[in-house]
Amino acid sequence: MEKRPKKTPARTLSWSTPCAKLSLIGILFVPGFYVLSGAKTPEAKPIIHAIPIHATLAPKPKELVAIYDVIKTNRPDISESEAWKVSDVIWKESAKHNLDPILIAALIEVESGFQSLAISPMGARGIMQIMPDVGKWIGREIGLREDSGYDAFRPEHLDDPMLNIKLGIYYLYDLKKSFRSMNLALVAYNVGPTEMRNRLDNDIEVPIEFANVVLSVYRKYQAPKQPAF
């Protein structure tokens, strides 16, 4: 019986395994495979860029910054947060009564140099140097309620700069309304409205030195006007 020669395996068989591996690698790394095969494309995680906190903060109004600068010029020792709190109450209360906040800052500089615990020889207290009886009257006028803690008014309450500023700004507003002049209101703030009326009614000279000092400080802090072309 004649022996048949063994068939020699085709050469292509010897490459089958490596080719299969290469094909698999190619499929895995070709992006189009997912589209052609219908397989789901792995979801790419979105790139989140961190935004610095300071970049999202709105700039502070120029007037508020100007008030802050006046305060820090007089009181570089107080904290940033305290200076901003005082600036904010001056700014908001001035706007409420249609007064220039820089003028209020000038008045405070002349009265106390922004010293909230200042007490004058006459007994005026706090950052805007308010007499206790005047403070008590203004408290009733602006409607300090029992739940505010100031219903039973005491002179020490004027040592709170936030309350003192609210009372002082209202007082100047009321004086301006009564005397119809900011200059006369500043004089009355210094000498008292009763003395002011007495002088006006009896044609007695009105002392204007205090008002002039306040206005001089006010002009110092006013923004310079741009020249007209």
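**Exercise 1. Decide whether Lys 85 is buried, partly exposed or exposed in this predicted model, then find its salt-bridge partner.**

Step 1. Lys 85 has a relative accessible area of 47%. Buried means under 20%, and exposed means over 50%. Lys 85 is therefore partly exposed.

Step 2. Its side chain meets that of Glu 82 in a salt bridge, at 3.7 Å from N to O.

Step 3. Glu 82 is at 26% relative accessibility, so Glu 82 also counts as partly exposed.

**Exercise 2. Work out which parts of the chain the salt bridge between Lys 220 and Glu 109 ties together.**

Step 1. Check the distance. The side chains meet at 3.5 Å, N to O. The cut-off for a salt bridge is 4 Å.

Step 2. Locate both ends. Lys 220 lies in helix α12 (residues 209-221), and Glu 109 lies in helix α7 (residues 101-112). The pair therefore ties together parts that are 111 residues apart in sequence.

Step 3. Look at accessibility. Lys 220 counts as exposed at 53%. Glu 109 is buried at 18%.

Step 4. A search of the whole structure finds 9 salt bridges.

**Exercise 3. Classify the ring pair Tyr 68 and Trp 84 as stacked, tilted or edge-to-face.**

Step 1. A search of the whole structure finds 3 aromatic pairs.

Step 2. For Tyr 68 and Trp 84, the ring centres are 4.0 Å apart and the planes are at 10°. Planes under 30 degrees apart count as stacked. So this pair is stacked.

Step 3. The pair links distant parts of the chain, with Tyr 68 in helix α5 and Trp 84 in helix α6.

Step 4. Now compare Tyr 170 and Tyr 173. Their centres are 5.8 Å apart and their planes are at 55°, so that pair is tilted.

Step 5. Return to Trp 84. Lys 60 lies over its face, 4.7 Å from the ring centre.

**Exercise 4. Find what the side chain of Asn 164 reaches.**

Step 1. Asn 164 is in helix α9 (residues 161-179). Its relative accessible area is 0%, so Asn 164 is buried.

Step 2. Its side chain reaches the backbone oxygen of Arg 125 at 3.1 Å.

Step 3. A polar atom of the Asn 164 side chain also lies 2.9 Å from the backbone nitrogen of Met 128.

Step 4. Beyond its neighbours within four places in sequence, the contacts of Asn 164 include Gly 126, Ile 127 and Leu 158.

Technical notes: Residues are numbered from 1 along each chain as its sequence is written. This is a predicted model: local features need pLDDT of at least 70, side-chain atom pairs count only at pLDDT 80 or more; totals for chains, interfaces and linings use all residues. Side-chain values use heavy atoms; hydrogens and water are left out. Helices (H or I, at least four residues) and strands (E, at least two) are DSSP runs, numbered from the N terminus. Buried means under 20% relative accessible area, exposed over 50%, partly exposed in between (1.4 Å probe, protein chains only). A polar contact is a pair of N or O atoms within 3.5 Å; within protein, one must be able to donate a hydrogen and the other to accept it, and residues adjacent in sequence count only if both atoms are side-chain atoms. Contact means heavy atoms within 4.5 Å. Rings of Phe, Tyr and Trp (its six-membered ring) pair if their centres lie within 6.5 Å; planes under 30 degrees apart count as stacked, over 60 as edge-to-face and the rest as tilted. A charge sits over a ring if NZ of Lys or CZ of Arg is within 6 Å of the ring centre and within 35 degrees of the ring normal.
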